[in-house]
Amino acid sequence: MRGTPVRDELNVLALLKGSERYVYVYDDSSRISLIDAFRDDAADPHLSLSWLDVAVLTSKAREQGKTAVDEPPAESRL
């Protein structure tokens, strides 16, 4: 095995909207901050992220959290 193993698994959410790309990378302990970032981005008049987009992204983040709880730890999946 090369390199240093990642201690925490990371989650990725991406939204492609027109020419804009919204990519959020976060760990499970950052989920609340992630949802705050969605809201901040939707409130930014320079971005096209809508409140509907925020609702969808928030739902997906919660689904990822539920999936993470249901999965065995990464060490046991090797």
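I began with Asp53 and found a polar contact of 2.6 Å that joins its side chain to that of Lys17. For a polar contact I took a pair of N or O atoms within 3.5 Å; within protein, one must be able to donate a hydrogen and the other to accept it, and residues adjacent in sequence count only if both atoms are side-chain atoms.

I note that this is a predicted model, in which local features need pLDDT of at least 70 and side-chain atom pairs count only at pLDDT 80 or more, while totals for chains, interfaces and linings use all residues. Residues are numbered from 1 along each chain as its sequence is written, and side-chain values use heavy atoms, with hydrogens and water left out.

I placed Asp53 in helix 2; helices (H or I, at least four residues) and strands (E, at least two) are DSSP runs, numbered from the N terminus. Is Asp53 buried or exposed? Asp53 is buried, at a relative accessible area of 13%; buried means under 20%, exposed over 50% and partly exposed in between, with a 1.4 Å probe and protein chains only. A polar atom of the Asp53 side chain lies 2.9 Å from the backbone nitrogen of Ser50. Leaving out residues up to four places away in sequence, I list Leu15, Lys17 and Ser48 as touching Asp53, where contact means heavy atoms within 4.5 Å.

I turned next to the strands. Strand 1 (residues 11–17) and strand 2 run antiparallel and are joined by 7 bridges; two strands pair if DSSP finds at least two bridges between them. They form a hairpin with 2 residues between them, and Gly18 in the turn has a positive phi of about 60°. Leu13 has Tyr24 of strand 2 as its bridge partner, and Val12 stands opposite Val25.

I then examined helix 1 (residues 31–43), where Arg31, Leu34, Ile35, Phe38 and Ala42 are buried. Seen down the axis of helix 1, these buried residues fall within an arc of 100° (taken from the directions from the helix axis to the C-beta atoms), so they line one face. On the other side, Ile32, Ser33, Asp40 and Ala43 are exposed.

Finally, I looked up the largest nonpolar core, which has 12 residues, among them Leu13, Tyr24, Leu34 and Ala61. Such a core is a set of buried Ala, Val, Leu, Ile, Met, Phe, Trp, Tyr and Cys residues joined through side-chain atoms within 4.5 Å. Helix 1 gives the largest share of this core, 4 residues. Leu34 touches Leu13, Tyr24, Tyr26 and Ala61, not counting residues up to four places away in sequence.
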